[in-house]
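Here is my notebook for today, with the model open beside me.

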Amino acid sequence: MSFSGFIGKMGELASVTHTLVKPVASGGRRILLFSDALFHVRIPVAVKFALVIGTVITVAMALLGALVIHNQKQILTHQIHATGRTVVAQMAKSTTEPLLAQDYLLLDVLTANLATAENVLGVAVFSTERKLISSAGNHPFELGAPLIGAKKQYLDGAQYSLDWRWSDAPRGPIDAVAFISPVRFKDVTVGYAVISFTRSTLTESISRMVESIISATTVMILVGIAVAYLLGRRLYKPIYQLTNASRAISMGHYDYQIDTTRNDEIGDLINSVNVTARSLQMKSLQMAQGIRQRNQIATALQRHLPANVAREIISNDQPSEVTLGGSHVNASVVFIDIVGFTAVSEIMSPQKVAELLSDFYGAVAETTPMYKGAIDKFIGDCAMVIFGIAEDDDMHAFHAIAYSVFFVKLMNQLNYIRAARGKMPLHFRIGINAGDMLAGYIGSAERVQYTVVGDAVNVASRLCSVATADQILITEDTLRVAGLADKLLVMPYQSIQVRNKSQPLNTYLVHDVRPFYTSAMERQIKNALLALSKAD
C-alpha cells in the first residue's frame, strides 16, 4: 500500500472514529440508540450481550488506535522535519564553496553522495536564477513533476518544507517531503539546495502500529464476546425459567413453580412469581367452584324461567332482591293440553303417567326455542308457553301460531314412533291469544313466580278448553294482527262466551301455515324428531 493510500485509509478511520467518539463525548446518544434498537430485535439475551460488549470494545479500541496513530504520526513527522532541516542546512553549507567556484563536478559528487543516504529520495542544487546546476534522484521541480512550475514560489530566498506527491512518476509513485534552503555567503544568496525524503519510514511505522492495534483489538473483541456470551447465558437461564413460568401461568397451569437458590434481585423476582402462581391457583379453584355453582343455578333457573329472566337474575349482584310486580307487555300465550288425560290417568299406573307427562314436557321444552318461545309453566297435563317475553319479537303472534301448527304435526309423527314402542298416542288441544298482559314476579315476599297474567291469558286458556283433539283456536282479534292473516290457513269456528265479557268472542280454527312456510317447518320437524329420538 502506498503512503498516500494508507494515509487516506487512516483518514477514513479517523473520520469513523470521530463519528463514533463524538456521541460518546456528548452522552453516548448514538450508542444508546443502537443498543435500544438492538434489544428490540428478537435475539437471545446472550447474543445481544455479546454484541453490545463487542461493539463497546471495538469503539474503545478504535478510539485508542486513532489517538495512538495520531500521536505517533506527529512524532515521526516532527522527526522527519527536524532531520530534513538539519540535513538541508548542512547541504547548503557544503555547496557554498563549489557554487562560488563554479566547481560543478564537486557539486555532482556531493549530490550523488547525499542521494544514497537512507530515506533520501533525491537532491538538487539550483542557481540564483533557479536553473538546475546538479541533481541526483527525484526532486519536486524536475521535468514532469507536479511542482515544476512552482520554482519561483519556493526558490525565493526563504526556507521551506513541503509535501509533494507524484503518482505517475517514471519509477513508480512518489510520496515525499522536500526541504528547501538558500545557499548563502556573507548574507548573499548564491543558490538553493533541495533535498527530498521519502515517507516510507512513517508509512511502515504506522502500518506496523495499525497491525498491532488490529491484532490486539481482535483478541480483545473475541475474549470480550466469549466472556459476555457466557455471562449472558448465565443471566438468561433464570429469565428463561421466568418466561416458561409466565407462559405456563397464562395457560392456566397455576401449579408451576421455579426451583431457585438465588439470593439476589432475580431470586426475589422468581419467589414473587412462585407466590403469584400459588395465589392464582387458589383463586382459580375458588373461581371454578363459583362458576360451577353459578352454572348449576343458571341451569335450574332456565328450567323454570324464560332465558332472559334467568340471565337477568344471574347477572344481578343481589339476586335475592326480587321486586314483586311486573310491566305491561304485548305478547302471545299458548296453552297446550293433552286430550283425555284425566280418563287415561285413572287406568294407568303412576309410573306410566309420569312417563307420559315426561314425554310431553320434554317435547315442549326441546322445541319452544325453535320459535323464540319460552315455557311459563307446566300445569298438570297442560303447558303454558309465552312468546315475545324471552326476547324482543315483533312477530310473536305468528311464531306462537306457527309453533302450535308445528307441534301438532310433530306429535302426529311421534305417535307412529310411540305406537311402535307400545306407548299410547298423544293428541292435544291448543288455545292461542295475543294481546296486552302483565309480565313479572307474582306472589308473596317468601315465594314468587315469574309469569304472565291478564285478560289475554284467560282468553287463551278458555280457547284451549273449547278446542277438541288436534285443534288450534285463535280469536278474531289475534287474527287481525297486522299481516298475520296472509300467513295462515284459517276458517271461522264458533263464538264462545268468556267470563267477565259481555259479548261473545269469535274464534278461528287454524289448519296450517301458508305453503311459503311449510318447507322450513318440515326441516324443523325432522330436526326435532332426531333430537327427541336421541333423548329417548
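I call a residue buried when its relative accessible area is under 20%, exposed when over 50%, and partly exposed in between, using a 1.4 Å probe and protein chains only. This is a predicted model, so local features need pLDDT of at least 70 and side-chain atom pairs count only at pLDDT 80 or more, while totals for chains, interfaces and linings use all residues. Residues are numbered from 1 along each chain as its sequence is written, and side-chain values use heavy atoms, with hydrogens and water left out.

**Entry: Ala-178.** I looked up Ala-178 and found a relative accessible area of 0%, so Ala-178 is buried. Ala-178 sits in strand β4 (residues 174–185); helices (H or I, at least four residues) and strands (E, at least two) are DSSP runs, numbered from the N terminus. I then asked what Ala-178 touches, counting heavy atoms within 4.5 Å as contact. Beyond neighbours within four places in sequence, Ala-178 contacts residues including Tyr-160, Trp-164 and Ile-195. Phe-197 is 19 residues away from Ala-178 in sequence, yet their C-alpha atoms are 6.3 Å apart.

**Entry: salt bridges.** I counted a salt bridge when a side-chain nitrogen of Lys or Arg is within 4 Å of a carboxyl oxygen of Asp or Glu. The structure has ten of them. One joins Asp-163 to Arg-199, with 2.1 Å between the closest N and O atoms. Here Asp-163 belongs to strand β3 (residues 160–166) and Arg-199 to the loop between β5 (188–198) and α7 (200–250), so the pair links distant parts of the chain, 36 residues apart. Arg-199 is buried at 8% relative accessible area, whereas Asp-163 is partly exposed at 43%.

Arg-480 pairs with Glu-476 at 3.0 Å, N to O, and with Asp-477 at 4.0 Å. Glu-476 is partly exposed at 21%, and Asp-477 is exposed.

Entry: On a 1 Å grid over the protein atoms alone, I took a cavity as a set of points where a 1.4 Å probe fits but cannot get out, with lining residues having an atom within 4 Å of a point. The whole structure has one cavity of 30 Å³ or more. The largest cavity has a volume of about 40 Å³, and its lining includes Asp-163 and Arg-199. Helix α3 (residues 45–94) gives the most to that lining, with three residues.

Notes
On a 1 Å grid over the protein atoms alone, a cavity is a set of points where a 1.4 Å probe fits but cannot get out, and a pocket is an open set with protein on both sides within 12 Å along at least five of seven lines; lining residues have an atom within 4 Å of a point. Grid points are joined across faces, edges and corners, and a volume is the space filled by probe spheres set on the points.
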